[in-house]
Every structure is written in C-alpha cells, then in structure tokens.
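Biologist: Hello! Could you walk me through this protein, one step at a time?

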Amino acid sequence: MSIEARLRVERSDFSLDVDLSLPEEGITAVFGPSGCGKTTLLRAMAGLERDARGHLWIGNECWQDERRFLPTHKRRLGYVFQEPSLFPHLTVARNLSYGLRRLGDDAPPVALDQAVELLGIGHLLERRPHQLSGGEQQRVAIARALASDPAILLLDEPLAAVDQDRKQEILPYLERLHRELSMPVIYVSHARDEVARLADHMVLLEEGRARATGDAKALFSRLDLPLAHGPDTETVIDATVAGHDAEFGLTWLDTAAGRFVAVRQDLPKGSPARLQVLARDVSITLGRPTDTSILNLFPATVDTMVDEGSAQTTVRLRVGTVPMLARITRKSAVELGLESGSNVYAQIKSVALLR
Ligand SMILES: Nc1ncnc2c1ncn2[C@@H]1O[C@H](COP(=O)(O)OP(=O)(O)OP(=O)(O)O)[C@@H](O)[C@H]1O
C-alpha cells in the first residue's frame with residue numbers, strides 16, 4: 001500500500017505542486033530550505049488548506065479527490081506542530097484524553113496506554129503543561145497525536161522549538177516509535193542531522209516542487225542534489241553491531257561496505273545501527289597504506305567527481321555496493337590522477353553512530 005499525494009496549492013506569490021507516491025510505512029522526511037512549502041504540504045495532507053486541489057489516498061482511504069474533500073476531523077491523522085500546543089489548564093492525562101472524546105465509543109484505549117508507554121510519560125500524567133520541560137511537553141503532544149490510533153502521523157518540525165539537549169532527549173522516543181509502530185510518519189524538517197538519523201525515505205522540496213524523492217540514504221549521496229555539496233555532507237550507512245573489542249574500547253559494525261570500527265558503543269551485539277560518515281573525514285590513497293593510524297580502510301572505486309569551487313572536490317566512491325562521499329582538495333584529486341573508474345582506498349577518520 002502507498003500514500004498517493006497529488007496536491008496543488010496556489011497562493012499569490014507561492015505555489016505547491018507535487019505528485020508523490022510514498023510508502024505507507026516508516027518515516028518519510030520532507031526536507032528543504034525555509035519557505036519551500038514543507039508546512040503547506042503537511043497542511044494540505046491534513047485538510048487544513050481548503051483550496052488544495054488534487055487527490056490524496058492513504059492506502060485504500062481516499063481523503064480527497066476531484067469530488068471529495070474530507071474535513072480534517074474526519075481524516076484519521078495525528079498532527080504535531082513545532083510548539084507543543086497543549087491545553088494549559090488541563091492535566092497531561094486530560095490533554096491526552098481530550099482528543100479521544102470525539103471518537104466516542106470507538107476510542108481505542110489500548111492506543112492511549114501504548115502512546116503513554118512509548119513516549120515515557122506515565123509519571124507526568126497528573127501534571128499541567130507549565131510543570132513540564134519543553135521536551136516533555138513535546139513528548140506529550142506526540143503521545144496525544146498517537147492516542148487516537150491514526151492512519152498516519154504528521155510531524156511538523158517537532159524538534160525545532162527545543163534546544164539541543166531536549167532534542168537528544170526526544171530523538172530516542174521517535175526512534176522507538178519508528179521501531180515499534182507500523183504507522184507511517186511524515187516528518188517535516190530542515191535539520192539534516194534529524195533526517196540522517198530518522199528518515200527511511202525523503203522528499204526533497206524546492207520552491208514548492210519535489211526535486212527528488214526516494215530512499216533517504218540514497219538521496220544523501222547523490223551528487224546532482226544540493227545535499228552532497230554542503231560543509232556537512234555525509235553518507236548514511238545501515239549497520240549491525242558485530243561485537244566489541246574490550247581491550248581497546250571499540251565496537252565493530254558490519255555494513256554492506258565492510259566492517260567499520262567505532263569508539264565503543266553500549267549496544268548489544270546484533271542490534272541495528274546507522275552510521276554517519278562525514279565526507280570531510282574520508283581521504284583517498286592509491287595504494288593500501290600500511291603505517292596509518294586510521295582503522296577504517298576500504299578498497300573503493302571512483303564513481304563520479306564534482307568540483308566545489310576552485311579548491312575542493314567531492315568524490316563519490318563505491319565501497320562494495322555502498323556509495324560513499326569524500327571531500328578532498330582539488331589539488332589532491334589532480335595529483336592522484338583520479339577519474340571515474342580509478343581503484344583507490346578510502347580511509348575514514350571517524351565514524352559517528354546515529355542509532
Ligand atoms: N497563510 C499564508 N498565506 C500566504 N502565504 C503563506 C501562508 N503560509 C505560508 N505562506 C508562504 O508560502 C510559502 C511556503 O511556506 P511554508 O510555511 O509551507 O514553508 P516551509 O518550507 O514550511 O518553511 P519553514 O521551514 O520556514 O517553516 C512561503 O513563501 C510562505 O511565505
């Protein structure tokens with residue numbers, strides 16, 4: 001099943017025009033610069049843009065087409081805004097149950113209990129919003145959106161209004177939600193670290209149009225997209241924890257590119273992980289270096305190269321089946337004689353574990 005969203009919104013100085021076919025599972029990030037239409041797309045999906053034209057199917061539920069326009073309260077969705085937007089005079093428990101009242105006898109109490117458990121807010125139920133931290137408020141807002149057992153969860157930059165520490169507090173709950181619920185999530189963000197960490201799929205929006213859609217990891221490494229050309233350009237790679245080296249405090253991570261070594265992570269063997277390799281941490285050698293301090297060393301093939309101004313080059317490598325970006329000086333690229341098809345070694349200075 002899929003989400004089919006053919007939506008157009010016309011404003012005097014902006015238009016949204018997308019034709020998307022998204023998987024009805026996992027987290028789909030809607031990513032793009034400020035003003036590109038991310039919130040407008042989410043609002044159109046929620047039925048909050050009355051002038052939106054087109055059609056929207058969530059699996060086999062039609063929410064909108066040429067003849068129908070289901071109002072927001074009839075769309076089975078959970079919506080979370082940047083600001084938590086809880087009722088200040090109600091306790092957390094009553095904030096959570098408020099949304100269920102409209103469901104009457106159909107209210108799914110199991111979903112409410114599960115939402116409380118998933119977001120870890122059981123101990124906060126009798127408090128009022130002003131007695132919660134910003135991160136806790138946002139967790140309650142997400143639990144409230146989940147409690148009505150929606151067909152889809154729409155999150156509009158849920159971490160934008162919280163500081164870095166709160167963000168680190170909420171992210172594990174979002175990952176848990178991702179692991180334990182099969183509900184599709186559309187996640188609007190302009191923070192690439194959140195997208196790298198959470199997203200399975202991605203819609204890259206530019207000026208109201210979908211510049212690219214697809215597997216999030218694949219989009220990060222495409223040289224024809226802007227993602228590959230920023231200072232923080234990275235490759236995201238799925239991994240499995242293969243074990244630990246107790247003597248040196250390291251963790252082995254198996255990927256389709258081979259085995260990576262990272263600073264010891266407190267993760268059980270066999271658990272899934274996601275690696276982030278910054279392009280600027282990848283260097284290239286022609287022969288296999290023997291006396292290097294770098295532990296992550298892989299044979300690779302140069303795929304494509306793009307100059308970044310006069311001083312730098314982004315090189316797209318293939319390590320096994322995995323694409324990997326390296327940012328090196330243009331001088332090095334010339335001196336090494338790199339070209340498409342060159343056989344090289346990729347040395348990776350450090351690997352961050354995203355999850
Ligand atoms: N109610 C409105 N009336 C008129 N124009 C609007 C309205 N809301 C948004 N816009 C305009 O529509 C465009 C898209 O806005 P939107 O909020 O969807 O962008 P966004 O990608 O979510 O941005 P941000 O990342 O800054 O939240 C912008 O040019 C914005 O100025």
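Modeller: Gladly. This is a predicted model, where local features need pLDDT of at least 70, side-chain atom pairs count only at pLDDT 80 or more, and totals for chains, interfaces and linings use all residues. Residues are numbered from 1 along each chain as its sequence is written.

Biologist: Over residues 291–355, how far apart are the end C-alpha atoms?

Modeller: UniProt, in an unreviewed entry, places the feature "domain: Mop" at these residues, 291–355. The chain there is 9% helix and 57% strand, with helices (H or I, at least four residues) and strands (E, at least two) taken as DSSP runs numbered from the N terminus. The distance between the end C-alpha atoms is 31 Å.

Biologist: Which helix gives the largest share of the shell around the ligand?

Modeller: The residues around the ligand include Gly-37, Lys-38, Thr-39, Thr-40 and His-190, each with its C-beta atom, placed from the backbone, within 6 Å of the ligand. Three residues of this shell, the largest share, come from residues 38–46, which form helix 1.

Biologist: How many residues of domain 2 are in contact with domain 1?

Modeller: The domain assignment gives domain 1 (2–220) and domain 2 (234–353), with bounds from an automatic or database domain assignment. Their centres, taken over C-alpha atoms, are separated by 34 Å. Contact means C-beta atoms, placed from the backbone, within 7 Å. Domain 1 brings four residues to these contacts, and the number from domain 2 is five.

Note on methods
UniProt positions renumbered as here; feature names shortened; annotations may be inferred. Contact = placed C-beta atoms within 7 Å.
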